[in-house]
Structure formats: structure tokens, C-alpha cells
Amino acid sequence: VGRRVREQRVAEIRAEALQALAHLDVRSVADIDLIALAKRLGVEVVFDGLDGASARVVRLRGDRARITLSDRISDLGAIRFSLAHELAHLILRHVLVLDGDPFLERVCRPLREDGSDLEREASVFAAELLMPESWVRPMCGGSHVSLDTVRSIARTCRTSTLASALRFVELTSECCAVAYCELGRVRWVKRSRAFEHWIPTGRLVDPTSAASDYFRRGAIDDHPRLIGADAWLPRRATDGSGVRIAEHATIVPELGAVFSLLWVPPTEALHLSSAA
Ligand SMILES: [Zn+2]
């Protein structure tokens, strides 16, 4: 039941995002003007210093609101995602209450993809608003997984590489996953529908993986590599079969983190399923 309720809620949020989009005069994803949307809603948008957060929304008197975006974020895609996320809190009428405060406010780190249900809801809304399924799904076709596809979504939609990778994983029919790593550990994983393997979180990034290069030398070679699948999957899933997994890692400068796009090449898939 819990899962069905969640899926229902996600569908409602996506519908709200598409409704907001319908109010803008949008003929392509490049036309999605968040400042215009903010104006329509009576929301002022400012840049300022924010201690450790990337965005904040405050409800002001008289049905107005102010969104503050951290002036430390320079990536346009990250700025747009943060703004869409804060607008979502207002449009979805999330309670912004802080105890006893005359103003209602909410402080967010929307680029980190962890946090409460309301945080996730706002990010679901932001992803649908900036990368509407009807436009982005056709870009996720193709018969192979690649960070090039992710980057082309990011360019077209003016979104961050990370947000675009998560959207790609949501919409593709290929077998792939995004693994987000911080401070040398796997923090969280998002899998495509077809990716049935389990990637444990919390473990140290394997030294043979591309992601580990970032934590050891602060840089990453920008091309995919094939490595032993047990660098990411639990050993019992690979069972010493020598099966390999493809990894293309990239740095998220705003967060001092790295994420890897992982996929199982067709030649390896057969071995993996027989070993599992
Ligand atoms: Zn938030």
C-alpha cells in the first residue's frame, strides 16, 4: 500500500508541474522561464549568502514570497534546479512553518537528493518542470547508455549534469544506475527500472573505480571504462565470474562530490544474471 500511495503522490506532483508549465508560453524546453513563473506567482528572487544551504523560501505577508538562492552556486543548471525546487514548495503548498517565527521559511539543499518527503516532492516537481517527460523521454532512446546523452539533456534543458543523469535513469529503458559518492563513500544510488542489481550504499568507493580517482587525486578521466562488476555490486552477485560493468564518472563541483553512471554492457549481462 505504501508504495502505491507514494506512486500516486508522485503522479499528482508531476501533473501539478505540467499545469504550471502550461501557464508559461513554452514551445521548447529552452523557453522554460522560471523568473517569469516566479513573477506570475508574486515571488521575488534574490541572490545572497546562505550558510551551508543552496536555497531558501520565505512566505511574506499578503500572499507574496521571496526565494533566496546561494550566491556561491555558479552553475546555471544548479541555480535553475534550486529555483524550481523552491517554487515547488510554494506551488505544492508545503508548510513552511518555523516555530514562533512571524515569517514562514524553509531552508533547502535541493542538490543533495536526501532529506524528507517534502524535499523529495519538491525535487520531483523541479525535474518534471525543467525536463518534462514528453520532451526528454525521446532523448533517452538509443540503444546504449552514455554520459553524452545525459550531457545533451543538460544542454537542452539547461539543467545540471547530476539532475539530468537522474532524469535519464528515470526515463530510460536501458539497464543503468547513478551512484553518488561523497567523502570517499557511496552515499546513494538511483537505478533505472531495468537495473535489477543491488548496489550497497555506505561502503567505501572501490579503488579500481573511476570515482575513486577523484578522492585520490582530485581529477577524473572523462571517458567510460570497463571494470570488475564487484567494484560496485556485492561480491555474491558476481561470484568471482569476472563479469564487468561500465562506469563513466564525473565531478559535481558545487558539492565536492562525484557521481558515476553505471551500466551493464549487453555482452556482460548474460554472465551477470547467471552468476546472481
Ligand atoms: Zn526544499
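This is a predicted model: local features need pLDDT of at least 70, side-chain atom pairs count only at pLDDT 80 or more; totals for chains, interfaces and linings use all residues.

1. The place to begin is the packing of helix H3, residues 76-91, against helix H4, residues 117-130, whose axes come within 8 Å and cross at roughly 115°. The crossing of these two helices, H3 and H4, is right-handed.

2. Which residues make up the contact of H3 with H4? From H3 the contributors are Arg 80, Phe 81, Ala 84, His 85, Ala 88, His 89 and Ile 91, and they meet Leu 118, Glu 119, Ala 122, Ser 123, Phe 125, Ala 126, Ala 127, Leu 129 and Leu 130 of H4. Sorted by kind, the residues of this contact divide into 11 nonpolar, 3 polar and 2 charged.

3. Apart from neighbours within four places in sequence, Ser 123 is in contact with Phe 81, His 85 and Pro 110, and with the side chain of His 85 the side chain of Ser 123 makes a polar contact of 3.0 Å. Ser 123 also lies 9.4 Å from Ala 163, C-alpha to C-alpha, although the two are 40 residues apart in sequence.

4. Glu 121 is another residue of helix H4, and with a relative accessible area of 13% Glu 121 is buried. When neighbours within four places in sequence are set aside, Glu 121 is found in contact with Arg 9, Ile 13, Leu 92 and His 94.

5. His 94 belongs to the loop between H3 and strand E4, the strand of residues 104-108. Is His 94 buried or exposed? At a relative accessible area of 5%, His 94 is buried.

6. Turning to aromatic rings, the count comes to 2 aromatic pairs. In the pair of Tyr 180 and Trp 188 the ring centres are 4.8 Å apart and the planes stand at 0°, so the rings are stacked; both Tyr 180 and Trp 188 are buried. In the pair of Tyr 214 and Phe 215 the centres are 5.2 Å apart and the planes stand at 70°, so the arrangement is edge-to-face. Tyr 214 counts as buried at 18% relative accessibility, whereas Phe 215, with a relative accessible area of 28%, is partly exposed.

7. Finally, I would draw your attention to two backbone angles. Arg 93, placed in the loop between H3 and E4, has a phi near 55°, which is a positive value in a residue other than glycine, and Arg 93 is exposed, with a relative accessible area of 63%. Arg 158 likewise has a positive phi near 55° without being glycine. The loop that holds Arg 158 runs between helix H6 (147-157) and helix H7 (161-171), and with a relative accessible area of 31% Arg 158 is partly exposed.

Technical notes:
Residues are numbered from 1 along each chain as its sequence is written. Side-chain values use heavy atoms; hydrogens and water are left out. Axes are lines fitted to C-alpha atoms, for helices over the stretch in contact, and angles run from 0 to 180 degrees between N-to-C directions. Helices (H or I, at least four residues) and strands (E, at least two) are DSSP runs, numbered from the N terminus. A crossing is left-handed if the near helix is turned anticlockwise from the far one by less than a right angle, and right-handed if clockwise. Contact means heavy atoms within 4.5 Å. Ala, Val, Leu, Ile, Met, Phe, Trp, Tyr, Cys and Pro count as nonpolar, Asp, Glu, Lys and Arg as charged, and the others, Gly among them, as polar. Rings of Phe, Tyr and Trp (its six-membered ring) pair if their centres lie within 6.5 Å; planes under 30 degrees apart count as stacked, over 60 as edge-to-face and the rest as tilted. Buried means under 20% relative accessible area, exposed over 50%, partly exposed in between (1.4 Å probe, protein chains only). A polar contact is a pair of N or O atoms within 3.5 Å; within protein, one must be able to donate a hydrogen and the other to accept it, and residues adjacent in sequence count only if both atoms are side-chain atoms.
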